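Here are some questions and answers for a reader who is meeting this structure for the first time. Please look it over before reading on.

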Amino acid sequence: MSDLVILESPSKAKTVQKYLGNKYHVVACAGHIRDLPKSKLGVDVDNDFTPVYENKKDKAALIKELKGYVKKSGTVYLATDPDREGEAISWHLAAVLGLDGTKPIRITFSEITKSGVKVGMENPRSLDTDLINAQQARRILDRIVGYKLSPFLWKKVRRGLSAGRVQSVAVKLIVDRENEIKAFIPKEYWSIDGKAVTDGNKKAFPIKLSEIDGKKAELSCKKEADDILHYLEDKEFTVDNIKKSTRKKQPSPPFTTSTLQQEANHRLSFNSRRTMKTAQELYEGVEIEGQGAVGLITYMRTDSLRISDEAKAAAAAHIKECYGEEYLPEKPRVYKTKNNAQDAHEAIRPSTIDLTPQKLKSSLSSDQYKLYKLIWERFIASQMANAQLNTVAVSVKAGNCTFKANGYTVKFDGFTKLYTEASENEEDTGGALPRLTEGEVLTIEEINGNQHFTQPPPRYNEASLIKALEENGIGRPSTYAPTISTILDRHYVEFEQKQLKPTPLGETITVLLEDHFQHIVDVKFTAKMESDLDKIEEGKEEWVDVLKEFYADFAKTLTQAEKDLDGKRVKVPDEPTDIACEQCGKPMVIKIGPYGKFLGCSGFPECKNTKRIVNETGGFCPKCGGRMLAKKSKKGKPFFGCENYKECNYMTWDTPIPQVCPKCGKSLFKKPGKKGKIYCAAEGCGYERESDEENA
């Protein structure tokens, strides 16, 4: 009789089965098999928030199958993911399958490797009640907010809306940033910039006005800039001071969930959902040529920066062999995890250092390779020596004006030989300066006044929003991706040039919640709730007490809001357009319905004309000649389809481009990626060519 191991994921089960062999039977439960009911609150708020759990209907056959396995097996082990959610899934499994959670039946794998699985199997434990209670508290808290607040929004705004602790705060951050941008008043300022050369080196280097009479140069208009330029016309530019130093540059720590999502967004243009999906695949196991299924990274939901001694030693050995001993720091690096982080897991790192990205390239999908390479390089670099820069800061005097010139050269590349962090603003500017001596007179090739305006804060993109949520203590590593997906799916925010912009619906909901449910969208209050959940996990708070404290105020607020808005509805402003209604001539406006944006007549309800919003691509259908339109699938994936979709079913994932085939004159299409081929889709044509830079 073999022992039974139950995990969440079928792919992970396949990998673990390979390591455990025939003595164990490994199966997957595919997530939660029991949860709160969909059709009702499912929480007795008057009786210590007792939850009513139900077996999920779509898991009925699986539950029957699992019960059959349990009857035929020896010891049953629960090996779901090593976090709150995973612990709760194991708890529900134990309840449904009749297992005793006080016995050592719970095992966890921080990495799906032979050694990781061996360590997990050798250290079974009982179910962790504190972890379970923390998850229960979060689930019940979110259920209360969702099931009590969403119907309120349906009555006061429209059906199909939702509110949530984390999602509503995320939308508020985006709305607040948009309000800052709208309220921002640009302020004019001027700079004086020049290019100088020496007698011995005719290559010009930049200088910039820094001080006037020993005070910071602040020029607010063109006249002030012109006055300085006129003053400088007969002045000699002399090197006044040269300051040389060596600056050390430390590597970034290995990835946490948050920093992985941010860097993958900056460097790979992955959204958070794509990053986490790919990371999950790398953790659970990928078929590697000659090795079978192998888990390639440690658990990817973590905010810890801890690294095992074994991993540090393996990284050091690799660095010494591939780069030389000088690329090792004097002692292994230790990164300090922030105070409120859960330190149960390590940072995200490769499970086996010797499995370099290049070795695995042929076995990985494009996304898997890109993300694994990012994780592998970031981790190895985190264990390498500092980079050292020789920096030079030069002061140049011209009368009572002081100009600055800065430059650097790389003394030792250190970790930057392998990895440099993506950044929206480059940290190091300039390059090497020519050899200069104090008292040397410079020749000025050109000097100009340049007008500038102060800029408003930028809109959030996915990376900066995740960073803001983390810095404010909103949500946890596992919540960032689903939170962003939810607020996009609900049409509270939308992308505009890869930046997150609130829709009129998102702004309306935020104002309504701010006016009547201030705690729900208050950043500090939401952060305190996250802290309370962490205390439950640590055994420092009782989960029922935390819920009671929250609900007492929430129930009062909800009752008051119902009174304040009795008989009233809140109107979501429509977006105007310059498109005229064909039926009445009034301008059409953009509205948001349950399925997204559409055009409606501003004369509603007298005129009920509506139209789809058409996104033309400039290309034409190779079958019928109709316009090719940009569309989205039910899951939000972009594709392209013919405008005559009822008569013509042509669709493609490839992008139509506004160029015609030189052979047949039909529209050309481009395969995904910068180097994707350009081809003609017309039947029997066969024309194709390599992508050129213009269309890449």
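Q: Which residues form one aromatic cluster?
A: The model is a predicted one, and the count of aromatic pairs in it comes to 14. One aromatic cluster is formed by Phe49, Phe152, Phe517, Phe525, Phe550, Tyr551 and Phe554.

Q: What is the angle between the planes of Tyr283 and Tyr299?
A: Tyr283 belongs to helix α9 (residues 272-284), while Tyr299 lies in the loop between β13 (292-294) and α10 (309-323), so that the pair links parts of the chain that are 16 residues apart. Both Tyr283 and Tyr299 are buried. Their rings form an edge-to-face pair, with 5.2 Å from centre to centre and an angle between the planes of 70°.

Q: Is Asn386 buried or exposed?
A: Asn386 is placed in the loop between α12 (366-382) and β14 (387-398), and its side chain is joined to that of Arg333 by a polar contact of 2.6 Å. Because buried means under 20% relative accessible area, the 18% relative accessibility of Asn386 makes this residue count as buried.

Q: Which residue has its charged end over the ring of Tyr231?
A: Arg177 lies over the face of Tyr460, at 4.3 Å from the ring centre. Over the ring of Tyr231, at 4.1 Å from its centre, sits the charged end of Lys235.

Technical notes: Residues are numbered from 1 along each chain as its sequence is written. This is a predicted model: local features need pLDDT of at least 70, side-chain atom pairs count only at pLDDT 80 or more; totals for chains, interfaces and linings use all residues. Side-chain values use heavy atoms; hydrogens and water are left out. Helices (H or I, at least four residues) and strands (E, at least two) are DSSP runs, numbered from the N terminus. Buried means under 20% relative accessible area, exposed over 50%, partly exposed in between (1.4 Å probe, protein chains only). A polar contact is a pair of N or O atoms within 3.5 Å; within protein, one must be able to donate a hydrogen and the other to accept it, and residues adjacent in sequence count only if both atoms are side-chain atoms. Rings of Phe, Tyr and Trp (its six-membered ring) pair if their centres lie within 6.5 Å; planes under 30 degrees apart count as stacked, over 60 as edge-to-face and the rest as tilted. A charge sits over a ring if NZ of Lys or CZ of Arg is within 6 Å of the ring centre and within 35 degrees of the ring normal.
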